[in-house]
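Hello,

Here is the structure you were waiting for. My notes on it follow below the display.

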Amino acid sequence: METELLAELRAVKHRIPHLAGGLVASVDGLLIAHDTHGAEPSGLAAMTAASLSLAQRLADTTGQGDFRESLVRGEHGYIATYAAGASCVLTLLAHPDVNVGRLHLEARRSAQRIAALLTDTFVPKDPRDAG
């Protein structure tokens, strides 16, 4: 499955000009797959989980519902995180000249594909189905 996730990360990087890299992590910070250069992926996965926790609380407290995505704009670019199902997230790093609309459009689609790839892995199996 890691091969498929890496292929998706590379495909979204190809579709979004000025994208620097990305990763897939569980909501508790476990690194699942990455295509990052210049960023330490395990640390980034852990920080993503921490910011996700805060974003989830903020959305819940303000009545906005379940977390879908967050965008941080820094002096040198963007960090965007998207829900990829209930158990995982897609985090993308982009240069400051990225088209943010295109980033959102392509990343949302990619997060849906990643969620579909991960469904069998991270959704608990019903032991009655082992039959």
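**What covers helix α2**

The buried residues of α2 are covered by, among others, β1, β2 (31-35), β4 (77-84) and β5 (88-94). Contact here means heavy atoms within 4.5 Å. Helices (H or I, at least four residues) and strands (E, at least two) are DSSP runs, numbered from the N terminus.

This is a predicted model, in which local features need pLDDT of at least 70 and side-chain atom pairs count only at pLDDT 80 or more, while totals for chains, interfaces and linings use all residues. Residues are numbered from 1 along each chain as its sequence is written, and side-chain values use heavy atoms, with hydrogens and water left out.

**Helix α2**

Helix α2 covers residues 41-61, 21 residues in total. From its first C-alpha to its last it reaches 30 Å, close to the 30 Å expected at 1.5 Å a residue (the expected span is 1.5 Å times one less than the number of residues). Its buried residues are Pro41, Leu44, Ala45, Thr48, Ala49, Leu52, Ala55 and Ala59. They cover an arc of only 145° around the axis, which places them on the same side of α2. The arc is that of the directions from the helix axis to the C-beta atoms. On the other side of α2, Met47, Leu54, Arg57, Leu58 and Thr61 are exposed. Buried means under 20% relative accessible area, exposed over 50%, and partly exposed in between (1.4 Å probe, protein chains only).

At the start of α2, a side-chain oxygen of glutamate 40 comes to within 3.3 Å of the backbone nitrogen of serine 42. Just after the helix, glycine 63 has a positive phi of about 75°.

**The sheet**

Five strands form an open sheet in the order β2-β1-β5-β4-β3, with antiparallel pairing. β2 and β3 (69-74) are at the edges with a single partner strand each, so one side of each has no neighbour in the sheet. Neighbouring strands of this sheet are turned by 15° against each other on average, direction ignored. Two strands pair if DSSP finds at least two bridges between them. Axes are lines fitted to C-alpha atoms, for helices over the stretch in contact, and angles run from 0 to 180 degrees between N-to-C directions.

β1 and β2 pair in the antiparallel sense over four bridges, and alanine 25 stands opposite leucine 31 in β2. The two strands form a hairpin with four residues between them, and glycine 29 in the turn has a positive phi of about 95°.

Serine 26 belongs to strand β1 (residues 19-26). With a relative accessible area of 5%, serine 26 is buried. Apart from neighbours within four places in sequence, serine 26 is in contact with Ile32, Ser87 and Cys88.

**Helix α1**

Helix α1 (residues 2-15) lies across β1, β2 and β5 and runs at about 40° to β2. Its 14 residues should span 20 Å at 1.5 Å a residue, which agrees with the 20 Å between its end C-alpha atoms. Leu5, Leu6, Glu8, Leu9 and Val12 are the buried residues of α1. They cover an arc of only 160° around the axis, which puts them on the same side of α1. Thr3 and His14, on the other side of α1, are exposed.

Alanine 7 also lies in α1 and is partly exposed, at a relative accessible area of 44%. Alanine 7 and glutamine 112 are 105 residues apart in sequence and 14 Å apart in space, C-alpha to C-alpha.

Regards

How values were computed: A polar contact is a pair of N or O atoms within 3.5 Å; within protein, one must be able to donate a hydrogen and the other to accept it, and residues adjacent in sequence count only if both atoms are side-chain atoms.
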